[in-house]
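Reader: I would like to go through a protein–DNA model feature by feature. Please give the general idea each time, then the case at hand.

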2 protein chains.
Amino acid sequence: MPVTIHDVAQRAQVSASTVSRALSASHLVRGTTRERVLAAARELGYQPNPAARSLITGRTGNIGIVVPDLNNPFYTGVLRGVQSRARQGGYAVFFADGEEDPVAEEALVRAMSRQVDGVVVCAPFASDAQLRSLAGLTSLTLLNRRLRDIPAALMDSAGGMRQIVDHLAALGHRRCAYLNGPNNAWSNRERRRGLRAAASRARMAVVEFGPFEPKFEGGVQAADLALADGVTAIIAYNDLMALGVLSRLADRGVAVPQEMSVVGFDNLLYAAVCAPPLTTVAMPMEAGGRAAVDLLLSGIDGTGDGAGPHRELPTNLIVRATTAAARSRSARPHVDNRRPAAGHAASGPTAAAVHRPSGGRSAALPE
Amino acid sequence: MPVTIHDVAQRAQVSASTVSRALSASHLVRGTTRERVLAAARELGYQPNPAARSLITGRTGNIGIVVPDLNNPFYTGVLRGVQSRARQGGYAVFFADGEEDPVAEEALVRAMSRQVDGVVVCAPFASDAQLRSLAGLTSLTLLNRRLRDIPAALMDSAGGMRQIVDHLAALGHRRCAYLNGPNNAWSNRERRRGLRAAASRARMAVVEFGPFEPKFEGGVQAADLALADGVTAIIAYNDLMALGVLSRLADRGVAVPQEMSVVGFDNLLYAAVCAPPLTTVAMPMEAGGRAAVDLLLSGIDGTGDGAGPHRELPTNLIVRATTAAARSRSARPHVDNRRPAAGHAASGPTAAAVHRPSGGRSAALPE
DNA sequence: TTGAAAGCGCTAACAG
DNA sequence: CTGTTAGCGCTTTCAA
């Protein structure tokens with residue numbers, strides 16, 4: 001049977017209200033009394049009952065986070081950032097894994113909404129309408145998703161793409177492949193947008209493939225398609241796919257980076273330790289998590305600092321060992337099987353769409 | 001201003017208690033009344049206030065989990081299992097990352113204790129006393145940690161080691177290295193124990209190194225030591241270290257598995273996709289998380305099924321491409337630098353201790 | 001500066 | 001089967 005505020009009051013010879021004040025609004029109570037109360041509380045090991053407190057104050061001291069997939073190290077990085085910042089601010093965190101299902105995500109937020117003061121939502125697949133409806137239930141902050149009037153921490157994917165393109169262009173690459181992640185994911189649209197813009201400026205041709213599952217297997221699948229096209233560099237939607245590409249290229253006897261350059265996105269731990277170490281764009285995962293919490297709490301505490309509700313975090317290219325000067329077009333000793341026919345490949349989910357520097361947009365991949 | 005039970009009562013033309021009953025103990029209320037109440041609740045979008053409910057019932061409907069390091073994919077696997085099972089049981093989950101600091105871990109559990117019905121604790125470094133003291137605050141279930149009277153989900157590390165030893169022995173390996181993880185981690189002690197027992201039975205010599213940081217870098221560091229000793233196989237405390245070993249061996253020009261076999265532990269995603277794919281022991285991470293929650297809830301709901309409080313989950317060896325028949329001792333073309341002197345190496349944290357089949361225990365690594 | 005009293009929203013006796 | 005009553009532990013008026 002836990003100790004209550006009355007036990008403390010009795011031991012300190014004061015009323016419960018005085019104990020309450022001594023604990024939360026200490027300036028309203030005389031110094032000596034406060035000492036006495038605090039001592040009593042310590043001796044008894046008193047811990048306020050959060051339910052009772054929350055019942056009257058209307059605040060819970062908790063925040064929530066929902067992520068689409070805990071197996072993806074990207075989100076565990078975000079989770080770390082969220083948790084550490086929340087703890088600093090005295091908040092505990094509720095956690096839920098939506099398992100990439102938008103309806104589960106919505107249900108989870110709904111379930112949480114009564115016991116948190118706000119929630120950080122990583123929901124690349126949820127619809128705008130869903131998100132807005134959730135915003136009616138509790139304070140929301142989005143991660144990597146831009147929605148008018150809803151605060152969000154954004155990572156500058158487009159800027160990362162620009163850095164990739166500049167890097168590859170400087171190495172003499174004129175024609176690159178982009179392996180799309182899920183078409184309905186904000187990050188993929190953002191990366192593709194940044195890529196098209198940068199490629200157009202750099203007069204680099206981009207051949208698009210996909211969408212693919214943003215995992216190792218997706219990369220394996222994609223590698224063959226890119227190889228058949230004759231590009232000199234492959235830009236993957238994320239590191240997991242890039243790892244799949246590397247694996248497949250190794251199997252096919254294509255030397256990286258001599259015969260093919262490969263770039264990923266995210267800078268997961270494994271990008272640094274695979275062989276050869278992967279050139280990739282570092283996404284500020286923990287910083288993103290922290291920023292999301294800051295935004296959320298500043299909304300909750302009313303300490304909104306007048307800055308707009310969207311905070312954009314910089315990304316930066318990490319050049320490792322999978323990118324090098326473009327090979328000459330003739331030297332491809334080990335590659336034996338090509339894509340069968342160009343016409344047929346234009347349909348279905350793995351169709352390629354050449355995006356020319358002119359800026360024209362392919363019909364196969366409308367945005 | 002959220003809708004309360006009274007709003008529903010008014011709309012359904014009943015008292016608040018009837019609403020309450022209709023919602024939680026529906027058999028105590030007439031069918032037609034229940035319908036009416038449920039309809040009213042739905043129309044109003046009523047969601048019970050968990051704080052008020054918990055205040056009177058004394059239960060929160062939440063459980064907590066604390067992990068030592070969210071960057072370790074092992075724990076994110078556990079987290080997934082915990083979350084999915086908790087959700088099935090209607091529980092929400094509080095989450096905290098102890099960041100490998102035992103005092104932080106304790107503080108986190110303490111902070112959680114008032115707003116959860118129990119917590120799953122992954123605390124390889126906390127002392128027994130700390131854990132017992134926490135068990136006084138709230139229901140606890142441990143993961144991979146055996147403590148009398150406290151329920152725990154255990155993974156059979158020792159059994160995994162036995163499988164490794166049998167596998168290597170069958171391949172003709174007579175002398176293997178074990179790279180210790182943290183000495184105070186339960187899993188490491190357990191693995192070492194299983195290894196010694198199995199090696200003794202198989203008449204295999206085991207040379208121990210470490211302890212090392214259970215990460216990629218630790219494996220890199222350890223690889224050189226093991227190489228200098230002339231073993232034909234290296235068993236790493238976990239996959240992260242094994243990956244470091246593979247990387248270092250590749251740098252040193254040692255062919256895996258021809259010249260050296262390598263085995264990991266955990267079966268992380270990356271063990272399957274690295275090159276060459278890693279032979280390792282699969283730890284049932286999600287199943288462990290689910291089992292821990294089952295244990296916890298069966299204690300909470302009083303549905304303890306009479307089974308002892310410790311549930312042991314099986315592990316199994318996944319043979320991939322980093323293990324092969326032992327090389328003959330003479331063929332080591334690429335290895336150039338050896339460990340300087342045997343005597344000196346017996347002190348300090350990276351000392352080696354040969355564990356002979358006799359079962360004698362080395363003084364350098366007391367248990 | 002302190003205490004008494006009145007709830008926050010809900011559930012659990014206890015009557016009817 | 002349903003309504004009335006009495007709190008759960010805390011904070012917050014309002015008086016003193």
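Author: What follows treats the DNA contacts and then the interface between the chains. This is a predicted model, in which local features need pLDDT of at least 70, side-chain atom pairs count only at pLDDT 80 or more, and totals for chains, interfaces and linings use all residues. Residues are numbered from 1 along each chain as its sequence is written, chains are lettered from A and ligands numbered from 1 in the order in which they are written, and side-chain values use heavy atoms, with hydrogens and water left out.

Reader: How many residues surround DNA strand D, and which are the closest?

Author: A residue is near a strand if one of its heavy atoms lies within 4 Å of it. Here 23 residues surround DNA strand D, the closest being Ile5(A), Tyr46(A), Ser17(B), Thr18(B) and Thr33(B). Of the atoms of DNA strand D within 4 Å of the protein, 59% belong to sugar and phosphate.

Reader: What lies 2.4 Å from a phosphate oxygen of DNA strand D?

Author: A backbone N or O atom of Ile5(A) does.

Reader: Which element supplies the largest share of the surface near DNA strand D?

Author: Helices (H or I, at least four residues) and strands (E, at least two) are DSSP runs, numbered from the N terminus. The largest share, four residues, comes from H4(A).

Reader: What area is buried between chain A and chain B?

Author: The size of an interface is often given as the accessible area lost when the parts come together. With a 1.4 Å probe and the loss summed over both parts, the area between chain A and chain B is about 3,600 Å², 59% of it from carbon and sulfur atoms. On the side of chain A, Arg80(A), Arg114(A) and Tyr270(A) lose the most area to chain B, together 20% of what that side buries.

Reader: How many salt bridges are counted between chain A and chain B?

Author: A salt bridge is a side-chain nitrogen of Lys or Arg within 4 Å of a carboxyl oxygen of Asp or Glu. The count is four. Asp97(A) forms a salt bridge with Arg80(B), with the closest N and O atoms 3.4 Å apart.

Reader: How do E2(A) and strand E2 of chain B run, parallel or antiparallel?

Author: Two strands pair if DSSP finds at least two bridges between them. E2(A) and strand E2 (residues 92-97) of chain B run antiparallel, joined by three bridges. Val93(A) has Phe95(B) as its bridge partner in E2(B).

How values were computed:
A polar contact is a pair of N or O atoms within 3.5 Å; within protein, one must be able to donate a hydrogen and the other to accept it, and residues adjacent in sequence count only if both atoms are side-chain atoms. Buried area is the accessible area (1.4 Å probe) that two parts lose on being put together, summed over both.
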